[in-house]
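I opened the notebook to record what I looked up in this structure, entry by entry.

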Amino acid sequence: MGVIIMIGQVLLGLSLLIILHELGHFLAARAFGIKVEKFYLFFDAWGVKLLKFNFKGCEYGIGWLPLGGYVKIAGMIDESMDTEQMQAEPQPWEFRSKPAWQRLIVMLGGIIVNVIVGIVVFWMLTYGLGTTDLDNRQLYGVSPGVIGQKIGIQEGDQIVAVNGEKADLFYQDLLSSEVLMGGAVLEVERNGKSVELTVPTDILNEVSEHKKNELVQPIFKMLPVQEIEPGSRAELIGLTVGDSIVAVNGVSVERLDVFKEQIAANRNKEISLDVVRQGQTLNLLAPADSSDILGFTNFPLVQHSYGLFEALPLGAAKAFSIITDNIKGFGKIFKGEVRADKALSGPVGIATMFGTEVDWIRFWSLVGMLSMALAFMNILPIPALDGGHVIFLLVEMIQGKPLSDQFLEKAQVVGFFIILALMIFVFGNDIFKLTQ
C-alpha cells in the first residue's frame with residue numbers, strides 16, 4: 001500500500017506541474033492568435049493514447065509515456081518533427097509567422113508559470129505555517145554525524161558562526177545550502193577556545209550518500225519546562241512551567257539526552273527529581289511507571305507567524321533559492337568538485353522523497369521545489385528544451401533574420417538525443433542507488 005501511495009503522490013505532483021507548464025505555453029500562444037493543435041499530459045509515443053478529445057480545434061489527451069507532456073504549436077519545429085507542415089506556405093495563425101518577441105514569450109510561458117507556481121506554493125506555506133526552528137544559542141552544542149566527523153566537528157562543539165555571520169538558528173544556518181554546497185567556514189567554540197573548520201568543496205557527494213542530518217544533530221540542554229501535558233506523570237507529581245530539572249535519582253542532568261537515559265534506566269521504578277523553582281531546590285517523587293515519558297516539553301524553539309503580504313517575500317526567497325542552489329550544484333559538477341551520479345536524481349529518486357505516507361505539507365513543499373527545478377531545467381540552453389528555443393530566438397533578434405529550418409531540425413534531433421541520454425543516466429542512477 002505504501003508504494004501505491006508513493007507512486008500516486010509522484011504522479012499527482014508531476015502531472016499538476018506538467019499541465020501548468022504546458023498551460024503557460026498554451027495561453028501565451030492563444031493570446032497571440034497562434035493555433036495550438038495538441039495539448040497532452042505525458043507523451044503519446046507512436047500514436048498510443050490513453051485518452052483524447054477535441055475541443056475548439058485542439059486535441060487534448062493523456063499519453064502512455066509518463067516522461068513529461070507537450071503542446072503542439074502550429075508552424076513550430078518541435079519534438080513532433082512535423083517537417084511536412086513546415087514545407088507548406090506560412091499561415092497567419094502559425095508560430096513562424098509571428099514576430100520574434102511574441103514567439104519568445106510563448107517559449108518562456110511554461111517557465112514563467114513554473115516560477116509563479118513555486119512562489120505561490122512557498123508563499124502559502126509560509127503564511128499558513130510560519131517558520132519554526134531551533135535556537136542554536138540555547139543548545140548544549142552539536143553531535144557530529146558521519147559527514148560532520150570528516151569535517152572535524154567534535155561532540156559538544158558549538159558552531160557560533162558560518163562565513164562570519166552569526167548562526168542563531170540550527171536548521172536555517174547550520175544546515176543551510178551555504179554549508180551543504182561546501183566551502184563554508186565554520187567558527188566553532190570548543191572547550192573555551194575558538195576553532196575554524198572549512199567545509200570541503202565536495203561535501204555534496206557525502207550529503208547525497210548519507211543525507212544532510214549526518215552533518216550534525218542538536219544536543220539539547222535541560223531548559224526550564226515550557227509546557228505540561230494534561231493528565232501526565234509530570235502534572236501528577238506537581239511539575240510546573242518554569243521548573244528546571246537538575247538531577248534524576250541524584251545524577252546531574254544538564255543535557256536532555258542524559259535526562260532521557262536516566263528516565264529509561266529507571267523504568268518501573270520510583271524516580272526522584274531535583275527541581276529548581278524560583279531559586280529554591282525541591283525534590284519531587286514520580287511513581288513507578290512502565291513509560292519512559294514524563295509528559296513535558298522544553299525545546300528551544302523559535303517560531304514566527306507572518307501576515308499574508310509579509311509571507312510573500314519570504315516565500316519568493318525560498319523559491320528562488322532552489323534555482324540558485326541548482327546553478328551552484330551544476331557548477332560544481334562541471335568543475336569536477338561533485339560527482340554527477342551523487343548529485344542528480346530522477347523520477348525514482350523523487351518518488352522516495354514523497355514517501356509512503358500522505359503528508360500534505362511535505363507534498364506541497366516538494367511540488368514547490370520541483371516547480372522551480374523544472375523552471376531551471378527548461379531554461380537550460382539545450383535544443384528541444386524551452387531554453388534552446390529561447391537561445392535561437394535571441395540569435396534571430398540580434399542578427400535580424402531567423403535561423404534556417406534545416407538547422408533548427410538538426411538541432412532538435414541533437415537536443416532529443418541529449419535529453420534521452422540524460423534520462424537514461426538519471427533512471428539508471430536511481431536504480432543503482434536503490435540496489436546499493
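**Entry 1: a loop asparagine**

I looked up Asn136 and found that, leaving aside its neighbours within four places in sequence, Asn136 is in contact with Ile159, Ala167, Asp168, Leu169, Phe170 and Leu174, where contact means heavy atoms within 4.5 Å. This is a predicted model, in which local features need pLDDT of at least 70 and side-chain atom pairs count only at pLDDT 80 or more, while totals for chains, interfaces and linings use all residues. I number residues from 1 along each chain as its sequence is written, and side-chain values use heavy atoms, with hydrogens and water left out.

I place Asn136 in the loop between strand E5 (131-134) and strand E6 (139-144); helices (H or I, at least four residues) and strands (E, at least two) are DSSP runs, numbered from the N terminus. Asn136 is buried, with a relative accessible area of 9%, and I use buried for under 20% relative accessible area, exposed for over 50% and partly exposed for in between (1.4 Å probe, protein chains only).

**Entry 2: the sheet with E1 to E4**

In what order do the strands of the open sheet of 4 strands lie? I read the order as E2-E3-E1-E4, with mixed pairing, taking two strands as paired if DSSP finds at least two bridges between them. The edge strands are E2 (49-55) and E4 (65-73), each of which pairs on one side only. On average, neighbouring strands of this sheet are turned by 10° against each other, direction ignored; for such angles, axes are lines fitted to C-alpha atoms, for helices over the stretch in contact, and the angles run from 0 to 180 degrees between N-to-C directions.

I then looked at strand E1 (residues 36-43) and strand E3 (residues 58-63), which run parallel and are joined by 4 bridges. Tyr40 has Gly61 in E3 as its bridge partner. Helix H1 (residues 2-31) packs on the sheet and touches E1, E3 and E4, its direction making about 165° with that of E1.

**Entry 3: a nonpolar patch**

I found a nonpolar patch on the surface formed by Trp46, Val48, Leu50, Leu51, Phe53, Phe55 and Trp64, with about 830 Å² of accessible area together. Patches are made of residues with over 30% relative accessible area and no salt bridge, like charges being joined within 9 Å and nonpolar side chains (Val, Leu, Ile, Met, Phe, Trp, Tyr) within 5 Å. Accessible areas come from the Shrake-Rupley method with a 1.4 Å probe, and for residues only the protein chains shown count as cover. Trp64 lies in the loop between E3 and E4 and is partly exposed, with a relative accessible area of 34%.

**Entry 4: positive phi angles**

Most residues other than glycine have a negative phi, and I therefore noted the exceptions that follow. Lys56 has a positive phi of about 50° although it is not a glycine; Lys56 sits in the loop between E2 and E3 and is exposed, with a relative accessible area of 69%. Asn191 has a positive phi of about 55°, again without being a glycine; Asn191 lies in the loop between strand E9 (185-190) and strand E10 (193-198) and is exposed, at a relative accessible area of 78%.

**Entry 5: salt bridges**

How many salt bridges does a search of the whole structure find? I noted 14, a salt bridge being a side-chain nitrogen of Lys or Arg within 4 Å of a carboxyl oxygen of Asp or Glu.

Glu155 forms one with Arg255, the closest N and O atoms being 3.5 Å apart. Glu155 lies in the loop between helix H4 (146-151) and strand E7 (158-162), and Arg255 in the loop between strand E14 (251-252) and helix H9 (256-265), so this pair ties together parts that are 100 residues apart in sequence. Arg255 also forms a salt bridge with Asp257, with the closest N and O atoms 2.7 Å apart, and Asp257 is partly exposed, with a relative accessible area of 30%.

Arg277 forms a salt bridge with Asp243, the closest N and O atoms being 2.8 Å apart. Because Arg277 lies in strand E15 (residues 271-277) and Asp243 in the loop between helix H8 (233-236) and strand E13 (244-248), the pair ties together parts that are 34 residues apart in sequence. Arg277 is partly exposed, with a relative accessible area of 25%, whereas Asp243 is buried, at 0%.
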